[in-house]
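Subject: Structure handover

Hello,

Here is the structure for your files. Please open it alongside this note, which goes through what turned up.

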Amino acid sequence: MSGWFPTRRGGAHARALVVVAAATLLSACQSVIEQTYEPTVSPSASPQIVEEVQKNDPRAQLGAREHPRIVASYGGEYRDAKTERLVARITGALTAVSENPQQSYRITILNSPAINAFALPGGYLYVTRGLLALANDASEVAAVLSHEMAHVTANHGIQRQQREEAEVIASRVVSEVLSSDLAGKQALARGKLRLAAFSRNQELQADVIGVRMLGEAGYDPHAAARFLDSMAAYSRFSAVDPEADQSLDFLSSHPNAPQRVDLARRHARAFGVEGASGDRGRDYYLAGIDGLLYGDSPEEGYVRGQTFLHGQLGIRFDVPAGFQIDNKAEAVLATGPGEVAIRFDGIADNGRRRLTDYIASGWVTGLQPDTIRPISVNGLEAATARASADRWDFDVTVIRIGDRIYRFLTAVPKGSTALEATANQLRTSFRRMTGAEVQSLKPLRVRVVTVRPGDTIATLAARMMGTDRKLDLFRLINAMQITSTVRPGDKVKIISE
């Protein structure tokens with residue numbers, strides 16, 4: 001949760017800006033891939049900075065305009081010299097075999113646990129550190145970067161922007177001229193379908209170009225299909241309904257995974273059979289990502305089982321057993337049995353008004369004024385109230401620490417008996433962290449370990465931290481199947497402090 005830090009993601013408002021300002025520029029790629037590399041490339045005797053190379057490129061100017069917003073919306077840049085060298089080495093090798101070897105690139109590793117990669121016009125490439133934690137060798141990183149570079153060299157961002165601008169004009173005409181709401185909605189839907197089909201073709205084109213670049217650069221060309229499989233596995237792991245058919249989302253900008261995997265495999269065979277062509281670069285890749293920050297960053301606080309802790313703010317609280325915590329940029333959300341939901345956030349409190357007055361100031365819909373009362377929460381000034389709207393009942397609790405007001409909103413289906421018990425556990429568990437607790441709180445990282453005699457997948461997975469699905473996550477980040485085994489000397493990834 002970083003909604004109180006304007007220099008971070010900037011909360012929901014900044015995200016909206018990114019969506020509005022950059023949606024037409026992004027090459028719409030949500031690839032899932034990881035990266036980190038160990039370069040052997042020597043510095044140039046006559047180095048040129050990106051700004052100098054791109055200063056007369058209007059496409060680069062377009063990307064440069066949106067770059068700060070992209071970085072802000074993803075939590076800033078992730079700075080680690082080892083990881084940055086790794087990315088640069090891969091990109092350099094791919095540039096030499098790209099459609100346009102004269103194209104310069106600016107690679108940014110985003111400080112986000114999300115799994116994502118995309119491109120802006122003019123050579124602006126982005127990968128998240130969350131994406132880095134998923135890949136298992138250098139060729140998989142090269143697969144995602146070659147795909148994104150293909151978007152740049154094919155001018156997909158510019159083409160998409162022009163196409164979307166035309167659709168916006170057409171939609172405006174429809175809404176202003178057609179009297180029939182149904183006709184207008186049908187025309188808008190057709191426009192969205194045209195855009196979706198267009199971007200799907202772009203993605204398939206980038207896949208084909210990317211596989212060719214992989215093979216010609218000496219990487220394993222089958223890495224693209226292999227990583228698409230990992231992407232699909234991650235999607236199933238993360239989905240609320242693991243059995244949901246993702247192919248039903250036909251407006252998605254990406255083709256469904258089976259189609260892309262089949263295409264990638266067919267084009268990779270031109271370079272040789274799987275397992276016997278190209279370099280995977282697994283050892284130096286794993287060395288490069290050892291110690292990579294995983295999951296939430298210190299600026300956003302941490303989720304540890306049923307507990308949320310924020311060392312910089314010095315606060316913590318627990319949610320009831322069976323609840324799942326989701327630490328988002330704008331708030332901490334939690335959901336539990338019986339459709340019970342929790343939201344926790346905070347705001348600046350410069351006016352020092354009474355908390356009972358603050359609750360009654362108009363930001364709570366359906367507030368029941370006669371339920372507002374002052375309380376104390378572990379020695380902290382607080383207030384609570386009830387509200388009701390539609391089919392939901394709410395408990396509202398606000399707590400003051402210094403110049404901030406922290407807010408709990410608990411929602412249950414109308415008439416549910418879970419409201420008081422849930423809200424009371426949140427209130428009673430909220431407290432300041434001790435100095436020792438703050439000092440002991442450490443971020444999770446990717447750790448590369450060597451399998452020892454006697455180790456099994458189960459014993460290695462037991463060392464995982466930050467998840468109650470240890471075995472599933474261990475298999476996922478190591479691209480292992482149910483039947484996979486480990487041998488002494490193998491290197492695997494675990495998540496720990």
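Start with helix α4, residues 81-95. It has 15 residues and reaches 21 Å from its first C-alpha to its last. That is close to the 21 Å expected at 1.5 Å a residue; the expected span is 1.5 Å times one less than the number of residues. Helices here are DSSP runs of H or I with at least four residues, strands are runs of E with at least two, and both are numbered from the N terminus.

The buried residues of α4 are T83, L86, V87, I90, T91, L94 and T95. (Buried means under 20% relative accessible area, exposed over 50%, and partly exposed in between, with a 1.4 Å probe and protein chains only.) Seen down the axis of α4, these buried residues fall within an arc of 165°, so they line one face of the helix. The arc is taken over the directions from the helix axis to the C-beta atoms.

A word on how to read all this. This is a predicted model, in which local features need pLDDT of at least 70 and side-chain atom pairs count only at pLDDT 80 or more, while totals for chains, interfaces and linings use all residues. Residues are numbered from 1 along each chain as its sequence is written, and side-chain values use heavy atoms, with hydrogens and water left out.

Now the whole chain. The protein chain has 16 helices and 17 strands. Buried residues make up 50% of its 497 residues. Among contacts with a separation of 6 or more, 70% join residues 24 or more positions apart. (Contact means heavy atoms within 4.5 Å.) The chain exposes about 23,000 Å², and carbon and sulfur atoms supply 53% of that. Areas come from the Shrake-Rupley method with a 1.4 Å probe; for residues, only the protein chains shown count as cover.

Next, the rings. The structure holds 10 aromatic pairs. Rings of Phe, Tyr and Trp (its six-membered ring) pair if their centres lie within 6.5 Å; planes under 30 degrees apart count as stacked, over 60 as edge-to-face and the rest as tilted. F308 and F317 form a tilted pair, 5.5 Å centre to centre with 40° between the planes. Both count as buried: F308 is at 0% relative accessibility and F317 at 1%.

F344 and F430 are also a tilted pair, at 6.0 Å and 50°. F344 lies in strand β10 (residues 340-348) and F430 in the loop between α13 (418-429) and β15 (431-432), so the pair ties together parts 86 residues apart in sequence. F344 is buried at 0%, and F430 is buried at 0% too. Ring pairs link F308, F317, F344, Y406, F408 and F430 into a cluster.

Two arginines sit over rings. R89 lies over the face of Y284, 5.0 Å from the ring centre. The charged end of R407 sits over the ring of W363, 4.8 Å from its centre. (The test: NZ of Lys or CZ of Arg within 6 Å of the ring centre and within 35 degrees of the ring normal.)

T128 is in strand β3, residues 124-128, and is buried at 0%. Beyond its neighbours within four places in sequence, T128 contacts Y74, L110, S112, A114, I115 and N116. I209 is in helix α8, residues 181-216, and counts as buried at 11%.

Best wishes
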